[in-house]
Amino acid sequence: MKIVLVSPFSIQADNISGGVAAVSQFLSDALLSAGHEVTIIAPGKSFGEKETRGKLNIRWLGISRIPGFLIYANLQRGKIIKLLDTIKPDVVHFEGSFGWSIDCPYPYVVTIHGIAEKDAAFGGNPIKSFIASNVIKIMENKGRNGAEQVISISPYATNLLKDKLKGQIHHIDNPIDRVLYEYPVNPNPREEKLMCVGVVGERKNTLGVIESFINIKKYAPQFKLVVCGVAASQDYYQQCMQKVRDNNLENHVEFRGNLARDELYKELSTSKGLLMMSKQETAPMAIAESMVLGVPCLAPKEFGIPYMIDEGVNGWFVSESTDDKQWQRIADSLQGESWHKLSANALENAKRYHPDSVAGKTIDVYQQAISKER
């Protein structure tokens, strides 16, 4: 099968940046292993520029100085169709953007990775964010209305968009790096630390993560917090640093920036838990990656997270209203023998994210798209 994935993708082969880019990398690797021909079409470099990475073909869309929300569903979409006409694929898979898929002349599938208009509403200039959110909502709804085969990575996204989606919906988890399934997972020794993985910013609510860590540290004073991710803005980063200083946590909270994947996996594999307090998520890859490494997760009981975490089984639900008794129970679990059961349950749950399993289910959807077109 000749497959094209239209998706954000890493400009540098050894530096995967962003959740959707990572998903496309792991899925394309699994599709290639299954014997299919795969081409990526992605924003970046110069329009039409070709690149080959092993068996993977890449065609770049170029970079524009015009804000992406103004051109992605029109000018950029036109460039995508031009490239598709030179490739002539059996099926096209749009990762994360319905706007790209409008009037696609080939059999196609769209994966929902998030609610784009909600994501655009966070951070940056509030006027620009408001305009971008509304423009994106219009274009995404047009694409949602026309897509006949839709993959949803979480029932949360499906429920939010159920009135906008007219096509057949298939629930398939995001794939995770197969390297993780071969990673040595040893429950002992683990460092007394929690990890926070993601952009340091308002949507990931890093300030809320620090506040939650303060609550845990009351009952687990030896624990430290390692924050991995680039800062969305210097202003927000400085707010985080000020909160650390105000609570005398300089020796207990470490900001590591954007880590290479091997280094990130090493940090996760030696930690006791992942701590997340996001204000908007769909199916966070950080949770799946942590569970593959036997790391229980602490996160809000919101968005798509409840479909990934079972309370007290492989993690805990936390929020700004979590009381001291619950924080103490969580801290006791992180330090006690029950942690080993939580870790084992996380490992068992992680089987659903294996790239070969995800690729097999995805190929079935491709075949349905092709059959229906014919």
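**Salt bridges, burial and patches in a predicted model**

Colleague: The side chains of Asp324 and Lys218 come together at 3.6 Å, N to O. Why is this called a salt bridge?

Modeller: The term needs a side-chain nitrogen of Lys or Arg within 4 Å of a carboxyl oxygen of Asp or Glu. Asp324 and Lys218 sit at 3.6 Å, so the pair qualifies. Asp324 lies in helix H12 and Lys218 in the loop between helix H8 and strand S10, so parts 106 residues apart in sequence are tied together. Helices here are DSSP runs of H or I with at least four residues, strands are E runs of at least two, and both are numbered from the N terminus.

Colleague: What do these values rest on?

Modeller: This is a predicted model: local features need pLDDT of at least 70, side-chain atom pairs count only at pLDDT 80 or more, and totals for chains, interfaces and linings use all residues. Residues are numbered from 1 along each chain as its sequence is written, and side-chain values use heavy atoms, with hydrogens and water left out.

Colleague: What makes Asp324 partly exposed?

Modeller: Its relative accessible area is 39%. Buried means under 20%, exposed over 50%, and partly exposed in between, with a 1.4 Å probe and protein chains only. Lys218, at 47%, is therefore partly exposed too.

Colleague: How do you know that Glu267 and Lys193 form a salt bridge?

Modeller: Their closest N and O atoms are 2.4 Å apart, so the pair meets the cut-off. Glu267 is in helix H10 and Lys193 in strand S9, so the bridge joins parts 74 residues apart in sequence. Glu267 has 14% relative accessibility, so it counts as buried. Lys193, at 2%, is buried as well. Both residues belong to a salt-bridge network that also links Glu191, Lys224, Glu254, Arg256 and Glu263.

Colleague: How many salt bridges does the structure hold?

Modeller: There are 18. One of them is Arg352 with Asp173, at 3.1 Å from N to O. Arg352 is in the loop between helix H13 and helix H14, Asp173 in the loop between strand S8 and helix H7, and 179 residues separate them.

Colleague: Why is helix H11 called mostly covered?

Modeller: Eight of its eight residues are buried. They run from Met285 to Val292.

Colleague: What makes Leu275 buried, and what does it touch?

Modeller: Leu275 has a relative accessible area of 1%, so it is buried. Its place is strand S12. Contact means heavy atoms within 4.5 Å. Leaving out residues up to four places away in sequence, Leu275 touches several residues, among them Leu194, Val209, Phe213 and Leu298.

Colleague: Which lysines form the positive surface patch, and why do they count?

Modeller: Lys118, Lys137, Lys164 and Lys166 form the patch. Patch residues have over 30% relative accessible area and no salt bridge; like charges are joined within 9 Å, nonpolar side chains (Val, Leu, Ile, Met, Phe, Trp, Tyr) within 5 Å. Lys and Arg count as positive, Asp and Glu as negative; His and the chain ends are not counted. Charge places are NZ of Lys, CZ of Arg, CG of Asp or CD of Glu. Lys118 has 36% relative accessibility, so it passes the area test.

Colleague: Which residues make the nonpolar patch?

Modeller: Ile66, Leu70 and Leu75 make a patch of about 280 Å². Accessible areas come from the Shrake-Rupley method with a 1.4 Å probe; for residues, only the protein chains shown count as cover. Leu75, in helix H3, is at 56%, so it counts as exposed.
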